[in-house]
Amino acid sequence: MKITSLSLTSFRAARGLTLPMHAPRVFIAGLNGSGKTSCREAVRWALRGVCEATDLKGAGAEALIPVDAKDATVSLVLDGIGKVTRTFAEHGGTAFSVEGFTGTSGVQQQALLAKLGTSAAFLDAVMATDVFWKLHHGDAKALVLSLLNVKVQIATWGDGDAKDQPVYATLDE
């Protein structure tokens, strides 16, 4: 997944921010309180509907809206997919849409995860360090290897039953 643009409107402290992200790697740096975490949490919220300010079901999203604003909106443009937008209005309504997708917000959310070839748990672990640290060590290793695009192939001897021992392992990129 490559994010080519990130736009925040009245999301946390960001009143209006658009970041083009066309470089192979994008680093966001700034002073404390300048919005670095808001950018990370905006991506997480746009893709998942949860972030640091919400519970795991998205409750508490009203805290994302600045005092003098009526709603919070985050839009991402994903390479090969299009625009993904999530909005939370002060009256409590949440809208989620993916360009070119149809159906309810929930259907579009599941279709987006399928198109990305990932899961909600994977995105949470990548976007939130507290989630990563709670992973079982085997799941954490699998996540890191997946992020590095490393495939592990293990050859065994025997007839394929549980007592077979690995003979060697190779890492393929």
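Mentor: First a term: contact means heavy atoms within 4.5 Å. Among contacts in the protein chain between residues at least 6 apart in sequence, 39% join residues at least 24 apart.

Trainee: What should I know about the source?
Mentor: This is a predicted model, where local features need pLDDT of at least 70, side-chain atom pairs count only at pLDDT 80 or more, and totals for chains, interfaces and linings use all residues. Residues are numbered from 1 along each chain as its sequence is written, and side-chain values use heavy atoms, without hydrogens and water.

Trainee: How many helices and strands are in the protein chain?
Mentor: Five helices and seven strands. These are DSSP runs: helices are H or I, at least four residues, strands E, at least two, numbered from the N terminus.

Trainee: Is α1 mostly covered or mostly open?
Mentor: Covered: 10 of its 13 residues are buried (under 20% relative accessible area, 1.4 Å probe, protein chains only). Among them are S38, E41 and R44.

Trainee: Why does the span of α1 agree with its length?
Mentor: At 1.5 Å a residue, its 13 residues should span 18 Å, and the end C-alpha atoms are 19 Å apart, which agrees. The expected span is 1.5 Å times one less than the number of residues.

Trainee: And what follows α1?
Mentor: G49, with a positive phi near 85 degrees.

Trainee: Switching topic. Which residues does L112 touch?
Mentor: Beyond neighbours within four places in sequence, L112 is in contact with L47, L78, I81, V84, F96, V98 and F101.

Conventions:
Buried < 20%, exposed > 50% of the residue type's maximum accessible area, 1.4 Å probe, protein only.
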